[in-house]
Amino acid sequence: NLSFLLFSEVVSAINECAFMINCQTVTLENSDYSSTLQRDAKGQYLFDLICHHLNLLEKDYFGIRYVDPDKQRHWLEFTKSIAKQMKSQPPFTMCFRVKFYPPDPAALKEEITRYLVFLQIKRDLYHGRLLCKTSDAAILAAYILQAEIGDYDPGKHPEGYSSKFQFFPKHSEKLERRIAEIHKTELSGQSPDTSELNFLQKAQMLETYGVDPHPCKDVSGNPAFLAFTPFGFVVLQGNKRIHFLKWNEVTKLKFEGKTFHIYANQKEDKKIILTYFAPTPEACKHLWKCGVENQAFYKLEKSSQVRTVSSSNLFFKGSRFRFSGRVAKEVMEQSAKIKREPPEIHRAGLVPSRSCPSITHGPRLSSVPRTRRRAVHISIMEGLESLRDSAHSTPVRSASHGDSFVPRSRSLAADACEGGSAVIADEAYSPSDSVLPTPVAEHSLELAISRQINGAPCSIEEEKESEAGTPTAGEVAEFGPDGKALSPEHAGEAGASPLGEVEQVNKFVLSVLRLLLVTIGLLFVLLLLLIVLTESDLDVAFLRDIRQTPEFEQFHYEYFCPLRRWFACKFRWLVGLLIDT
């Protein structure tokens, strides 16, 4: 009996292991959260476990991101089984990241939420997704220093201490000195939470706040970045934002294979359709899903208004997707009801050692945790001195540092009056390299400025997380015949030029194939209906009336019956042939 019980326990343990999966999630603090789940566990269960581990209640802004074996990024769907979403074998590695950037981080109820958003935006800054001018870069980095190492102390912070940290993909010594100067003289006495809040308020005023760029190409073959922000849909080409569509202007998002379409209604009932091409169908589907989720989250008043959307047309089903979760307004209302003691926050700041090597020889520390990061050579923004102010079409928020914020009240029309779309940087928008590439291209594209195109796509991901998915090769602005930057209207016209001959032929062949498939489908339906009419014994008034018409009787006896006898004869002959062999 004892042996039988031991055997039963072993069998039970084996069965239990067979139906369990191991998940490892990298948090924003760069720590690992390991969990063992049932094989049929849904994404919501893992997400709730992580939020409970982090003591996070305002969790609707966050999500879990993973990469499939084809290096395509995905957001984990909470309503589906984790194991069914993964194409790899366990253990699964995922990352906890900000999925929906708060339109106003200062309005977040709890400090723990602001801290996690701060960590995400700090990563965006370090990986080149958040671009800014020199003065903004200096104050942002100074806020990070103040939050992580506290007040300046001559005994702990020797000359050149700011150079020990790397806040951007690449920056100059002049900027390092300016960062240290601001940290020493302007931020003394600020607590970590105050510095983090000031950092968030400053970051939200920048043009690329909340941008998670998706590399694509326009109809002319020029590379572009598509992104969804809290305020709307943006298209970046070269160093310009050539399109900005508010969420209430976007009427439909649609994809078909690698082709992505954005339908929008602008002022004076002006309807526009933007078309872009993703590197792969999987990347295009991911782009479409992100757009659907962002539009639902930021635009809708209630989650009950969410509808299942489809990428289909009349004859082809396509993909169907439904956003699950609360929308932004519901999240804010729910956050206002939170009544608890603020949870304790264990900040993981990096403090340079007193015995660290000299500035000229010592390694530069990143303010972003890099415990698993390989050495990455990053090349964007040779000097942030060249970056200029940018304009944003969203309302101005209160500023506590005078003119340190970039005005955001100018509309797109005002931008156009100034002779072009909003300028993001004097150099091309080009986020930095990272370890794992997304499926943009198998190799980086090096394109010279002299070619006068909008840039080249490349790829980016952070560490194991593949969270950025943005290109790296240099890009240049879009120029007209006179050498001046094109306006948004001209840029839009350039993006809407006719397709090349090869693409036109491909589209024509695809249309013919679709027409052929539809015709075959209709003929098949008619054949089924004919068989039902002639062979079935269904006593339905509709069918009975058709059978009794003289035309149908003539067709049945003169055509259908001989054809049926011919098919039966051929079928018997084929069966006999198979039996003989």
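## Close-up views of a predicted protein model

**View 1. Threonine 25 is a buried residue in strand β1.** At 0% relative accessibility, threonine 25 counts as buried; here buried means under 20% relative accessible area, exposed means over 50%, and partly exposed lies in between (1.4 Å probe, protein chains only). Threonine 25 sits in strand β1, residues 20-26. Helices (H or I, at least four residues) and strands (E, at least two) are DSSP runs, numbered from the N terminus. Which residues does threonine 25 contact, leaving aside its neighbours within four places in sequence? They are Ser31, Asp32, Tyr33, Leu46, Ile50, Met94, Cys95 and Phe96, where contact means heavy atoms within 4.5 Å.

**About the model.** This is a predicted model, in which local features need pLDDT of at least 70 and side-chain atom pairs count only at pLDDT 80 or more, while totals for chains, interfaces and linings use all residues. Residues are numbered from 1 along each chain as its sequence is written, and side-chain values use heavy atoms, with hydrogens and water left out.

**View 2. The whole protein has 14 helices and 16 strands.** Of its 581 residues, 49% count as buried. Among the contacts with a separation of 6 or more, 65% are between residues 24 or more positions apart.

**View 3. Helices α4 and α5 pack against each other.** Two packed helices are described by the angle between their axes and the distance between the axes. Helix α4 covers residues 111-126 and helix α5 covers residues 134-149; their angle is about 135 degrees, and their axes are 12 Å apart. The axes are lines fitted to C-alpha atoms, for helices over the stretch in contact, and angles run from 0 to 180 degrees between N-to-C directions. That angle makes α4 oblique to α5: angles under 35 degrees count as roughly parallel, over 145 as roughly antiparallel, 65 to 115 as roughly perpendicular, and the rest as oblique. From α4, Phe118, Lys122 and Leu125 meet Leu140, Ile144, Ala147 and Glu148 of α5. By class, this contact has five nonpolar, no polar and two charged residues. For these classes, Ala, Val, Leu, Ile, Met, Phe, Trp, Tyr, Cys and Pro count as nonpolar, Asp, Glu, Lys and Arg as charged, and the others, Gly among them, as polar.

**View 4. Tyrosine 143 belongs to helix α5.** Is tyrosine 143 buried or exposed? Tyrosine 143 counts as buried, at 1% relative accessibility. Serine 195 is 52 residues away along the chain, yet the C-alpha atoms of tyrosine 143 and serine 195 are separated by 5.3 Å.

**View 5. Lysine 99 and glutamate 293 form a salt bridge.** Side chains of opposite charge can pair when their charged atoms come close. A salt bridge is a side-chain nitrogen of Lys or Arg within 4 Å of a carboxyl oxygen of Asp or Glu. For lysine 99 and glutamate 293, the N to O distance is 3.0 Å. Lysine 99 lies in the loop between β5 (92-98) and α4, and glutamate 293 lies in helix α8 (residues 281-299), so the pair ties together parts that are 194 residues apart in sequence. Both lysine 99 and glutamate 293 are buried. A search of the whole structure finds 19 salt bridges.

View 6. Arginine 129 and aspartate 124 pair through their side chains at 2.5 Å, N to O. Arginine 129 is buried, with a relative accessible area of 2%, and aspartate 124 is buried too, at 4%. Glutamate 186 and arginine 178 also pair, at 3.9 Å, N to O. Here glutamate 186 is partly exposed at 46%, and arginine 178 is partly exposed at 34%.

View 7. Most residues other than glycine have a negative phi, and most peptide bonds are trans. Asparagine 30, in the loop between β1 and β2 (32-38), has a positive phi, near 70 degrees. Asparagine 55, in the loop between α2 and β3 (62-67), has a positive phi near 60 degrees. How exposed are they? Asparagine 30 counts as buried at 7%, whereas asparagine 55 is partly exposed at 35%. A cis peptide bond, with omega about 5 degrees, joins proline 90 and proline 91. Proline 91 is in the loop between α3 (82-85) and β5.
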